[in-house]
Amino acid sequence: MSPIISVSKLSKTYGSGFKALNNINLEIHRGEIFALLGPNGAGKTTLISIICGIANLSEGRVIVDGHDINTNYRAARAMIGLVPQELHTDAFESVWATVSFSRGLFGRAKNPDHIEKVLKDLSLWDKKDSKIVTLSGGMKRRVMIAKALSHEPQILFLDEPTAGVDVELRKGMWEVVRALQASGVTIILTTHYIEEAEQMADRIGVINKGEIILVEDKASLMQKLGKKRLTLQLQGKVETIPPALAAYHLELSDGGRALTYNYDTRGERTGITSLLSDLRNAGIRISDLDTTQSSLEDIFVSLVQAR
């Protein structure tokens with residue numbers, strides 16, 4: 001199956017000489033939820049803006065469902081709904097009017113039934129006659145999503161969609177996202193809430209300093225790069241880690257009452273058996289132990305710090 005978005009050899013250089021994006025190659029699969037992660041200033045928003053035709057590329061090519069974003073802008077842009085980070089709405093328009101107007105901007109015929117469905121799906125129906133200025137920040141962000149969905153796009157970009165949204169509304173939004181994916185919409189999101197990407201995404205892309213450093217299926221990424229952490233609760237307090245245990249790179253925590261050992265699940269040996277033996281030989285007694293798997297956030301931090 002051909003990708004719904006194909007980005008090849010894309011670079012963006014500003015007049016000042018600053019290179020925001022460098023030789024980006026990326027394919028987005030039809031119907032997937034793709035999470036693009038990266039620190040502030042990594043190039044996430046610039047990349048999204050170029051794919052959506054808002055910013056110009058300096059080099060390369062972007063194809064959206066067979067349409068070149070430069071040479072066939074209208075057809076490509078009609079495929080895309082965009083929810084930007086910033087809230088851009090007409091403060092004194094009603095929710096119904098501003099969402100309906102967004103549909104008209106794409107040349108779509110009026111469809112009150114579709115607008116009604118979108119507003120109900122986003123829990124905005126009871127606010128349909130309210131002016132935007134009267135809404136909370138979370139509700140305004142939901143209006144932005146409704147505007148992006150007004151013309152029935154096949155691709156939805158969510159750029160930090162839950163910033164400033166409370167936990168309850170955030171969960172409701174992700175239910176909507178799952179429903180959209182189930183209906184065939186391709187979702188690309190950026191988020192600072194990495195646990196959301198871990199929960200929602202099919203694939204993860206990491207961008208840093210204008211370059212894509214990794215694209216991987218989430219499950220495969222967790223398996224390949226994830227590590228396990230063994231936390232050992234001690235019977236007594238330890239002031240320092242004995243030199244004989246230096247090879248294990250242990251971390252002392254909980255005021256000297258716990259030791260943490262990180263190990264690679266892919267290795268032939270975890271080293272736990274020898275660690276326990278060496279702890280006994282060092283006179284350190286254990287009262288309890290617990291293991292945890294690295295989170296996506298741990299993996300993300302280690303990838304970025306390695307660059």
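The buried residues of helix α1 are K44, T46, L47, I48, S49, I50 and I51. In this predicted model, the helix spans residues 44–51, and because 7 of its 8 residues are buried, α1 is largely enclosed by the rest of the structure. An α-helix has 3.6 residues a turn, so residues three or four places apart point the same way. Just after α1, the backbone at G53 adopts a positive phi of about 80 degrees.

The chain as a whole provides the setting for this helix. The chain contains 10 helices and 14 strands, and buried residues account for 44% of its 307 residues. When contacts between residues at least 6 apart in sequence are considered, 68% of them join residues at least 24 apart. The accessible surface of the chain amounts to about 15700 Å², and carbon and sulfur atoms contribute 48% of that area.

Which residues does H114 contact, leaving aside its neighbours within four places in sequence? The contacts are with R103, L149, S150 and E152.

How values were computed: Residues are numbered from 1 along each chain as its sequence is written. This is a predicted model: local features need pLDDT of at least 70, side-chain atom pairs count only at pLDDT 80 or more; totals for chains, interfaces and linings use all residues. Side-chain values use heavy atoms; hydrogens and water are left out. Contact means heavy atoms within 4.5 Å. Buried means under 20% relative accessible area, exposed over 50%, partly exposed in between (1.4 Å probe, protein chains only). Helices (H or I, at least four residues) and strands (E, at least two) are DSSP runs, numbered from the N terminus. Accessible areas come from the Shrake-Rupley method with a 1.4 Å probe; for residues, only the protein chains shown count as cover.
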